[in-house]
Amino acid sequence: VYVGNNGGIFKSSDAGATWIDKSGGGLSITQFYRIGVSAQNPNIVIGGSQDNGTSFLRNNTWRRVIGGDGMDCLINFSNSNYMYGNIQNGNMQRSYNGGLTWVDANSGVGEESRAWAAPFVINHQNPSTLFRATTMIYKTTNHGANWFAISSQIGGASPLTSLAVAPSDSNYLYLSNGTSLYRTTNSGANWNRMTTAPSSISRIAVHPTNPEHLWLTVEGYSANNKVFVSTNAGTTWSNLSAGLPNIPVNCVAVHPNQPLQVYIGTDLGVFVSNTGGGNWINFSQGLPSVIVDDLEIQLGADVLVAGTFGRGVWLSPLEVFNTTGEAKPELPNTVRIHAYPNPFNPVTDLRITVPQRGNLQLAIYDNNGRMVKELANAKHEVGVYFYQFDATELSSGIYFARASMENVTITEKLSLLK
């Protein structure tokens, strides 16, 4: 008997008494609701998915760490050992050891209604502080060990579905129950409903340095009703939807260092703007026509990571714009290599951009030109790949990462400091 389901293909040879997973890890079909990416290492990813729990990627291997339906999740930006994940309806788990073990993280949270994908966010100024939403807002100051309410019920009995905290000022929080937007500018002491905000809100993002500058994305099929921006904390709004197809917009990510660069995830891929919204450019080269439910920007490797609902997790180099504001090609016309961190001790990640199908050879050489480690020598499809160079057994000094493809060789200088 063969069965196909949301997790893959399974076979039973004893009339269903036992089952064997026949997917072999080669089916990229996971339906991700949310993802979280380590700020230190783009190869460390956590994702919550429909019917397949929350999974964790490390050392190029995915493993399931929380059951149920996986929902919102994140990795602490200052310490990747701290991770958080929700199952359906906001039951939170936390890990303090890099995802090896998980414990309950709901102490102090009431039994009021919670959204299917109940949101939570981290304080960018203090990583031990997080906020989470039910029909109320709760706060923790000890990495989720205990929670306390900072609001009464907001917007009636409907659960809150979107939540954002300003990176530059945690007194500013914005939240929505889908139909209305609410804000506080004093860390929850007072809340105001923003009467001019659009409805059917799917996600909220706040400017990295201006707590009153925010973007909203809108779900549904109302034409020219997709992305909005406010520069006065939600008092008034400008419509940035021109040029977008009439499909749901599910999420938004703002570049932390270039806040005019805005990415949105839609039901048909990703779009980018270099003007703070509007003038949208399709950013889906190489990406299937798929629902994009979440976007994360990983600055160390300069990549955008997309969680899709049905085709797994994808990544792309961040868009590069020329001096006229026009987008450059998303992939260079030759192989590229980038090491991060560099200098390093003792591990660095090598990002290899492959512009065309072909054989890629990637190796590390010492200062005398001797190969010390070969990392890759195989056919590669067009895309971006990550390889980890572990120099634990090597001495301090200068090394070179050399990527060769066809008749082109690119070298990156590496500094190992012990």
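Strands, as named in these legends, are DSSP runs of E with at least two residues, numbered from the N terminus. The model shown in every view is a predicted one.

**View 1. The largest pocket and its lining.** The space in the largest pocket comes to about 1500 Å³. Its lining is made up of 45 residues, of which S28, W62, G312, V313 and W314 are the closest to the centre of the pocket. At least two lining residues are supplied by each of β6 (53–58), β7 (61–66), β29, β30 and β35 (383–390). Sorted by class, this lining holds 23 nonpolar, 17 polar and five charged residues.

**View 2. The second largest pocket and the strands around it.** About 1300 Å³ of space lies in the second largest pocket, and of the 40 residues that line it, I122, H124, L295, E296 and I297 are the closest to its centre. The strands that each supply at least two residues of this lining are β4 (32–37), β8 (70–75), β12 (120–122), β16 (162–165), β20 (201–206), β24 and β28 (292–298). The largest share, five residues, comes from β28. By class, the lining of the second largest pocket has 27 nonpolar, eight polar and five charged residues.

**View 3. Strand β8 and its partner β9.** Strand β8, one of the strands that supply lining residues to the second largest pocket, is mostly covered, with six of its six residues buried. It pairs with β9 (residues 83–87) in the antiparallel sense, and four bridges join the two strands. Within this pairing, C73 has G85 in β9 as its bridge partner.

View 4. A search of the whole structure finds one cavity of 30 Å³ or more, and the space in the largest cavity is about 40 Å³. Its lining consists of P42, G300, A301, H338, Y340, D349, L350, R351 and F386. Both β31 (336–340) and β32 (347–354) supply at least two of the lining residues, and the largest share, three residues, comes from β32. Sorted by class, five of the residues that line this cavity are nonpolar, two are polar and two are charged.

**View 5. The largest nonpolar core and the surroundings of L414.** The largest nonpolar core has 20 residues, and the members that touch the most others are L350, I352, L362, I364, F389 and L414. Two or more residues of this core come from each of β31, β32, β33 (358–366), β34 (371–380), β36 (397–405) and β37 (408–416). The largest share, four residues, is given by β36. Leaving aside neighbours within four places in sequence, L414 is in contact with A339, N342, F344, L350, I364, F389, G397, I398, Y399 and A401. Another core, of 16 residues, lies apart from this one, and among its members are Y172, L214, A233 and W237.

**View 6. The open four-stranded sheet from β24 to β27.** Four strands form an open sheet in the order β24-β25-β26-β27, with antiparallel pairing. Its edge strands, each of which pairs on one side only, are β24 (249–254) and β27 (281–282). Strand β26 (residues 269–273) runs antiparallel to β27 and is joined to it by two bridges, and F271 has N282 in β27 as its bridge partner. Strand β24 is also among the strands that each supply at least two residues to the lining of the second largest pocket.

**View 7. The hairpin of β1 and β2.** Strand β1 (residues 2–5) pairs with strand β2 (residues 8–11) in the antiparallel sense over four bridges. The two strands are joined as a hairpin through two residues, and N5 stands opposite G8 in β2.

Note on methods:
Residues numbered from 1 in each chain as written. Predicted model: local features only at pLDDT ≥ 70, side-chain atom pairs only at ≥ 80, totals over all residues. Heavy atoms only, no water. 1 Å grid on protein atoms, 1.4 Å probe; cavity = no way out; pocket = protein on both sides within 12 Å on 5 of 7 lines; lining within 4 Å. Points joined across faces, edges and corners; volume = space filled by probe spheres on them. Nonpolar A, V, L, I, M, F, W, Y, C, P; charged D, E, K, R; others polar. Core = buried A, V, L, I, M, F, W, Y, C linked by side-chain atoms within 4.5 Å. Buried < 20%, exposed > 50% of the residue type's maximum accessible area, 1.4 Å probe, protein only. Contact = heavy atoms within 4.5 Å. Pairing = 2+ DSSP bridges.
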